[in-house]
Amino acid sequence: MGPADLPLMERIAAADELTAGERVVAGFFEDAYPAVALLKLTEVCAATGVSTATVTRFARKLGYADFRALRRDLQDEVRARLDAPGDRLARLASDRAPSRAAGDAGEADAHAAPRPRPLSERYALTAVDLRESARSLDQDAFAHVVDLVADDSRPIYLGAVASGQPLLSYFALLLNYLRGGVTELEGTDRWAHGLAGLPEDAVVLCAAFDRYPVAVQRLLRFARGRGATTVLITNRRTSPLVADADHCLFVSSHADPMFRSRVGLLFALEALLDAVGRRHPDRTARASDIEQFFAVTGSYLPQGDRGTRG
């Protein structure tokens, strides 16, 4: 697949030597996707504060003849997504269920807003993000990260803030079944203590979602300065944090309900766990030790225990 065949976000990720103004445009397209497909050239300029010449140069650097060609292809790209099975617009339209009450009340209900169906709507959005994340994760980059995470001769440090932190905590918990030397950096005020003595063969894996945390940027730069290998998982291809990562994994989160889904990040982390587990299927000692401790301490009810009824 050549550059001219790539979706917009992948073209942006592959673009070289964007100017400061063009990076502003790239970030705007990523933030405003998919609604940006409806905007005219003048509207993009007004939203970003750059000139029409800058937006046009940006389009040409991505391989489009001009902004009009970019907009046309982007509309086709978005339309293809909306036409896919699980399309949330179709689901919303099918959710209309007017009341059958008699009289004026029934007639009024027929024109009421569609009844919300959070489960089906969220399922449709999640399906889109999972499908796009699976497609956007580069196989070679993923394989490199698996090599790093599976190498238990190299200590691994995990750092994130906000919603990324509990997901990396979950990843750390399960990774400990497979290998040792896993350090979860908890609380940015304690990162300095967790990083004390960071060796140059360490792997520092960070996650960032939507925003660009200063703490994560500083962590990546500190780790690089100590000779460590840095990995970033993010849904932002235009993130400035990318410049400080040796390896990047990009996941999708284009859906825009009340809260964007983190399912793409969870998908990438669980795929890493699967790959590391398959790399050394004979290493069962750690998992056995963990389960033995659970048995000794009586941490869980035995299988088949249905309790008692009062």
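**Strands, helices and salt bridges**

Colleague: How many bridges join β4 to β5, and what makes them a pair?

Modeller: Four bridges join β4 to β5, and the two strands run parallel; since two strands pair if DSSP finds at least two bridges between them, β4 and β5 qualify as a pair. Leu232 stands opposite Cys248, which belongs to β5. Strands here are DSSP runs of E with at least two residues, whereas helices are runs of H or I with at least four, and both are numbered from the N terminus.

Colleague: What kind of coordinates and numbering does this rest on?

Modeller: The model is predicted, with local features needing pLDDT of at least 70 and side-chain atom pairs counting only at pLDDT 80 or more, while totals for chains, interfaces and linings use all residues. Residues are numbered from 1 along each chain as its sequence is written, and side-chain values use heavy atoms, leaving out hydrogens and water.

Colleague: Why is the contact of Arg279 with Asp147 called a salt bridge?

Modeller: The side chains of Arg279 and Asp147 meet at 2.9 Å, N to O. Arg279 lies in helix α13 (residues 263-279) and Asp147 in helix α9 (residues 139-150), so the pair ties together parts that are 132 residues apart in sequence. A salt bridge needs a side-chain nitrogen of Lys or Arg within 4 Å of a carboxyl oxygen of Asp or Glu, so this pair qualifies.

Colleague: Why is Arg236 called buried?

Modeller: Arg236 has 5% relative accessibility; buried means under 20% relative accessible area, exposed over 50% and partly exposed in between (1.4 Å probe, protein chains only), so Arg236 counts as buried. Arg236 also forms a salt bridge with Asp210, their closest N and O atoms being 3.0 Å apart.

Colleague: Is Asp189 buried or exposed?

Modeller: Asp189 has a relative accessible area of 59% and is therefore exposed, whereas Arg190, at 48%, is partly exposed.
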